[in-house]
Amino acid sequence: MTIEMAAIGVDLGATKIASALVSAHGDVLAARQTQTQSVEGSEAVLDRLAAEIEALIFEARCPVAGVGIGSPGVVDPVNGIVRGAVNLNWDEVHLVAGLQARLTGELPIFVQKDTNASALGELFFGAGQGCQDFVYLSIGSGLGGGVIANGQLVIGANGIAAELGHLSLDPEGPPCICGLRGCAELTVSGPGMVNLARQRLNSGARIGEICDPDELTPAGILEAAGRGDAAALSVLARAGSDLGAVMAACTAVLNPQRYVIGGGLGLAAFDYIVPAARRELERRVTPAGMRRLEIVPSLLPSSAVGAACLVWQSKGAEKCVEY
Ligand SMILES: [Zn+2]
């Protein structure tokens, strides 16, 4: 009789910590969520992470193979260090060492950029199954990406491969928090879409019933688009065409077979932004690059599942790719 094992996946976000106990088949056996409360400092966040992990170990009715963590910022997966996580207010945090010091058991702990972990999750159990070359794009409060090439996660020389939100599409454009101008995430994100809508309001248009810029939200824009509002549809089409420009850069380098669109807003806005993205792609890449190219929504049930896949990957449980 084989003993089933489980892995713990943790998605460390700016506002919440989502964690799950995940089987080797991708089933979520238990899930937890708590507030990150990063204002209390990194030591307090490490305490909370350790408590969430201990709680899942306690709940597990089978051996736990390890812990995988998806983190924002620039992640050094080899040394377990997170740097420059602006939304956590983390300059440099030794995440793996800090957790090992807090946990009672000796479990292997892996850390990876959050969107890289999600890309791995799609490869193992989501919309990337059976696909060796795909790009995962997450649209939410920002735009993030993860690349699977030849069945492997692409990390890059400094761990910032697929940092697509800060690919500048217009170096003369408006300034971005990263120091560049005209970054993709200034339009392809929740705040970006709100900003585009604000520009429409300022030039005299209305978004559905909304005429006060302070009342604009991504959900409000989507709702107006659903009722056929021309200004809302044009905002989403602009975000979509900018997404297409990002995809074109990826296509030129990687020739992926598939784009997997995730993130709360990416899924909610999928039907509005993908047609414009595809049109823009067709304007920018050769027909050979577009051949058999699919754009599909994410299928991962939880952001913590991708993080758990860092454990399964380390155990050599590489997903078999069927042709
Ligand atoms: Zn930027």
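View 1. G9 stands opposite G68 in β4, and strand β1 (residues 6-12) pairs with β4 in the parallel sense over five bridges, where two strands count as paired if DSSP finds at least two bridges between them. This is a predicted model, in which local features need pLDDT of at least 70 and side-chain atom pairs count only at pLDDT 80 or more, while totals for chains, interfaces and linings use all residues. Residues are numbered from 1 along each chain as its sequence is written. Helices (H or I, at least four residues) and strands (E, at least two) are DSSP runs, numbered from the N terminus. Strand β4 (residues 64-71) also pairs with β8 in the parallel sense, again over five bridges; G68 stands opposite F110 in β8, and the bridge partner of S71 in β8 is K113.

**View 2. Burial of strands β4 and β8.** β4 is mostly covered, with six of its eight residues buried, a residue being buried if 20 or more other C-beta atoms lie within 10 Å of its own, exposed if 12 or fewer, and partly exposed in between, with C-beta atoms placed from the backbone. Strand β8 (residues 109-113) is likewise mostly covered, and five of its five residues are buried.

**View 3. The open sheet β5-β6-β7.** Three strands form an open sheet in the order β5-β6-β7, with antiparallel pairing. Its edge strands are β5 (74-76) and β7 (90-94), each of which pairs on one side only. Neighbouring strands of this sheet are turned by 10 degrees against each other on average, direction ignored; axes are lines fitted to C-alpha atoms, for helices over the stretch in contact, and angles run from 0 to 180 degrees between N-to-C directions. β5 and strand β6 (residues 81-85) pair in the antiparallel sense over three bridges, and V74 has R83 in β6 as its bridge partner.

**View 4. Helix α2 and its buried side.** Helix α2 (residues 95-102) lies across β6 and β7, running at about 50 degrees to β7. In α2, the residues L95, V96, G98 and L99 are buried. They cover an arc of only 165 degrees around the axis, which puts them on the same side of α2; the arc is that of the directions from the helix axis to the C-beta atoms. What covers the buried residues of α2 includes α1 (42-59), β4, β6, β7 and β8, with two residues in contact if their C-beta atoms, placed from the backbone, lie within 7 Å.
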